[in-house]
Amino acid sequence: MTLNTWTQLRGLTDRNDLADFLGVSYKRLIWHLYRSNSTQRYRNFSIPKKTTGMRTISEPNPFLKSAQRSLSNKLSEVYRAPPYVFGFVLGKRNPLVENARMHLRKEWVLNLDLEDFFGSITFQRVYGLFYGAPFNLNASIASTLAHMCTHEGRLAQGAPTSPIISNMISLRMDGAFARLAAANSCFYSRYADDLTFSSSVKVFPSAIAATSDGSLGGTPTISSDIELILNNNGFTLNRNKLRLQHKNNRQLVTGLVVNRKINVRRKYVRNLRSVMHKWEVMGYDAAEDVFQNDFLKHRRTDRDPPSMWRHIRGKLEFLKNVRGEHDVLFQTYWKKFRHLDEALVSGRE
């Protein structure tokens, strides 16, 4: 399958070939890419970020999304992720947990976040990806693919192709960071725009980062080597999310605690307990109304929010993935959920 996909990709000679490769109409592909206007191709809306501010989502129209999904699937067949890349990678059952496990029980954990990750990847960079090795596509095909994968000259947050393209573009950066980490007794991993370095040495390597006053609680400053690698690869550091965490304090990797074992934050469990308590005390329908009101305050409103039942079930599934199916905490809340659910079904029969 993979060899055949490579053969098909490298054998593309014109846009008709590309349309056949993607399984879409040539005429419709050309119209959507070159004749329609921006508002016909994408729908823009904003959602709250996890912390502060808003994130702009550009969602492609159904035809373009279908073509992008086809391309994404095919590129995923030929992309071989390095062992230190976890986000947007096929075949990883629980990538958040696998990513966090690399940094478990370390003396130090350094978190870096890339500013406007998808937006930093321009049309020219996507064109260069397909025009250069290993794809070596001709200028016409490379340009068409770059048009197909970008919106207003950049990767769109909301396009199915953006995750796999960003991983391919980041390959050189990932290799440079992995080599720098290995040379300084550190481990490196990346999950989308979250970069993590960790080490078991007593003093965190200054070739990676250091605190301004040399203390455990000082403000971290990244090294010139880190800055150079970021600059050479067209990315910018979000300095507001720069954290160097010692084992004596809570250490987080992509939202999971890694001090002694992989775990969720206490806030996660408190939220789960609170929602289930409302269900138990108020009854499902009243608790659902409260949940929907709270949900709309903090989440996107362009789509129907999930039911409280789905919300709880999803949080329980994640808790099981992180702590394990036989974990006491998970089993406690799972049994309570089943009891509440059975009572709900029985009361409506």
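Helix 5 is largely enclosed by the rest of the structure, because 12 of its 17 residues are buried (under 20% relative accessible area; exposed is over 50%, partly exposed in between, with a 1.4 Å probe and protein chains only). Keep in mind that this is a predicted model, where local features need pLDDT of at least 70, side-chain atom pairs count only at pLDDT 80 or more, and totals for chains, interfaces and linings use all residues. Residues are numbered from 1 along each chain as its sequence is written, and side-chain values use heavy atoms, with hydrogens and water left out. Helices (H or I, at least four residues) and strands (E, at least two) are DSSP runs, numbered from the N terminus.

**Helix 5**
- The buried residues of helix 5 include Phe-63, Leu-64, Lys-65 and Leu-71.
- Asn-61 caps the N-terminal end of this helix, with a side-chain oxygen 3.2 Å from the backbone nitrogen of Phe-63.

- Four strands make an open, antiparallel sheet in the order 6-7-3-10 (strands pair if DSSP finds at least two bridges between them).
- Strand 6 (186-191) and strand 10 (243-246) sit at the edges with a single partner strand each, so one side of each has no neighbour in the sheet.
- Strand 3 (residues 108-113) and strand 7 (residues 194-199) run antiparallel and are joined by 6 bridges.
- Asn-111 has Thr-196 in strand 7 as its bridge partner.
- Helix 10 (residues 171-183) packs on the sheet and touches strand 6 and strand 7 (contact means heavy atoms within 4.5 Å).
- The direction of helix 10 makes about 155° with that of strand 6 (axes are lines fitted to C-alpha atoms, for helices over the stretch in contact, and angles run from 0 to 180 degrees between N-to-C directions).

**Salt bridges**
- The whole structure has 9 salt bridges (a side-chain nitrogen of Lys or Arg within 4 Å of a carboxyl oxygen of Asp or Glu).
- Lys-65 pairs with Glu-59, closest N and O atoms 3.1 Å apart, and Arg-43, Glu-59 and Lys-65 are linked in a network.
- Glu-107 forms a salt bridge with Lys-247 at 3.3 Å between the closest N and O atoms.
- Glu-107 lies in the loop between helix 6 (95-101) and strand 3, and Lys-247 in the loop between strand 10 and strand 11 (252-253), so the pair ties together parts 140 residues apart in sequence.
- Glu-107 is buried at 9% relative accessible area, whereas Lys-247 is partly exposed at 41%.
- Asp-174 and Arg-190 meet in another salt bridge (2.9 Å, N to O), and both are buried.

Notes: A polar contact is a pair of N or O atoms within 3.5 Å; within protein, one must be able to donate a hydrogen and the other to accept it, and residues adjacent in sequence count only if both atoms are side-chain atoms.
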